[in-house]
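This report sets out side-chain interactions in one structure. The sequence and the coordinates are shown first.

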Amino acid sequence: MNGVILIHKEKDFTSFDVVAVVRKLTGQKKVGHTGTLDPNATGVLPVLLGTATKAQDIIPCHDKRYRADFRFGIATDTLDIWGKVIEQQPSDITEEQIEGALGSLRGEIEQLPPMYSAVSVGGKRLYQYAREGKEVERRPRKVTVYSLELISFDEAAQSGTLDIYCSNGTYIRTLIDDLAHALGTVGVMTDLVRYEACGYPLDDCMTLDELRQRIDSSDASFLHSVESIFMTYDEVVVSDKQAHRFVNGNPLDIVRTPLRDYAGDKKIFRVKDRQGAFLSLGIIDGDSLKLYKHF
């Protein structure tokens, strides 16, 4: 079984828990995922099976969309509502003030990874230091917040919801913490749903229970193709003879392909045969189309 299963991860499951369950349900040994979700977060978790695991390091789109709930006036050691409360203070932030502060958090920004995160420092994960009661020096990381919108805000409860579209590596907990500090208060994330990841929407996902039911009924329509990972790349269709040469690792003369008028280098394409079957990824190298990754 090769391809992608789109899981709607539920609360109290780690991403590794999901991988373990999928491995057991499918009987597939090679299983991986495309981006960790914290146990208390829910939403899109693409799971790679078989040859699709080869794509783990070359996925072209790692951008994510989130819906995050937050509350002002409280701070925890984990930057979310499930951590240990370390500060509480009165808060009277207005919706207008939030709208005014969001601009500074859009675009390319720097974030300091939270101590309760999987970032590695000195050969250990930050959360391991945090569990030992230690705080270590961390370097800010550049991330991009493409859009950040306030969906709702209850001034009496000092709580609201944000819609976020961002690059890989963005910590939503940190974004909310930074927003609170920009407003002169403290705040925490109270809920997080990832509703798009790697181009896959939440509406296309299923729970682990739904996956189990589909497998029990011998319905394999849940499996998305390996090619679906790379839909941001243009496609090129080659002849049957060229397809045979290409999948065996031989470069193709681009003059003899539909790319004959292409001017450029190092661009990646989805290479397909005349029957529409995905062969592999190819990359332009001078006058040749070479095998980039075979699946």
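## Salt bridges

In this predicted model, E135 is exposed, because its relative accessibility is 64%. Its side chain meets that of R138 in a salt bridge, with an N to O distance of 2.9 Å. R138 itself has a relative accessibility of 16% and therefore counts as buried. The structure holds 15 salt bridges in total.

A further salt bridge links D209 and R212, whose closest N and O atoms are 2.7 Å apart. Both residues belong to helix α5 (residues 208-216), and because they are three residues apart there, about one helical turn separates them. D209 is partly exposed at 45% relative accessibility, and R212 is also partly exposed, at 33%. The side chains of R214 and D219 form another salt bridge, at 2.8 Å from N to O. R214 has 27% relative accessibility and counts as partly exposed; D219, with 27%, is likewise partly exposed.

Where in the chain is P114 found? P114 occupies the loop that runs between β7 (107-111) and β8 (120-121). This proline is buried, since its relative accessible area is 5%, and the cut-off for that class is under 20%.

When neighbours within four places in sequence are left aside, P114 is in contact with L79, L126, R138, Y171, R173 and T174. K11 lies 103 residues from P114 along the chain, and the C-alpha atoms of P114 and K11 are 21 Å apart.

## Cysteines

How many disulfides does a search of the whole structure find? The search finds zero. For C61, the closest cysteine sulfur is that of C198, and the distance of 6.3 Å is too far for a bond; the cut-off for a disulfide is 2.5 Å. C61 is buried, with a relative accessible area of 17%.

C205 is in no disulfide either, as the nearest cysteine sulfur, again in C198, is 11 Å away. With a relative accessible area of 14%, C205 is buried.

## Aromatic rings

A pair of aromatic rings is described by the distance of the centres and the angle of the planes. Nine aromatic pairs are found in a search of the whole structure. Why is the pair of F70 and F153 stacked? The ring centres of F70 and F153 are 6.0 Å apart and the planes stand at 10°, so the pair counts as stacked. F70 lies in strand β4 (residues 64-72), whereas F153 lies in strand β10 (residues 141-154), so this pair ties together parts that are 83 residues apart in sequence. Both members are shielded from the probe to the extent of being buried: F70 has a relative accessible area of 1%, and F153 has one of 12%.

Ring pairs also link F230, Y233, F278 and F295 into a cluster. An arginine takes part in a further arrangement with a ring: R65 lies over the face of Y165, 3.9 Å from the ring centre.

Terms used
Residues are numbered from 1 along each chain as its sequence is written. This is a predicted model: local features need pLDDT of at least 70, side-chain atom pairs count only at pLDDT 80 or more; totals for chains, interfaces and linings use all residues. Side-chain values use heavy atoms; hydrogens and water are left out. A salt bridge is a side-chain nitrogen of Lys or Arg within 4 Å of a carboxyl oxygen of Asp or Glu. Buried means under 20% relative accessible area, exposed over 50%, partly exposed in between (1.4 Å probe, protein chains only). Helices (H or I, at least four residues) and strands (E, at least two) are DSSP runs, numbered from the N terminus. Contact means heavy atoms within 4.5 Å. Rings of Phe, Tyr and Trp (its six-membered ring) pair if their centres lie within 6.5 Å; planes under 30 degrees apart count as stacked, over 60 as edge-to-face and the rest as tilted. A charge sits over a ring if NZ of Lys or CZ of Arg is within 6 Å of the ring centre and within 35 degrees of the ring normal.
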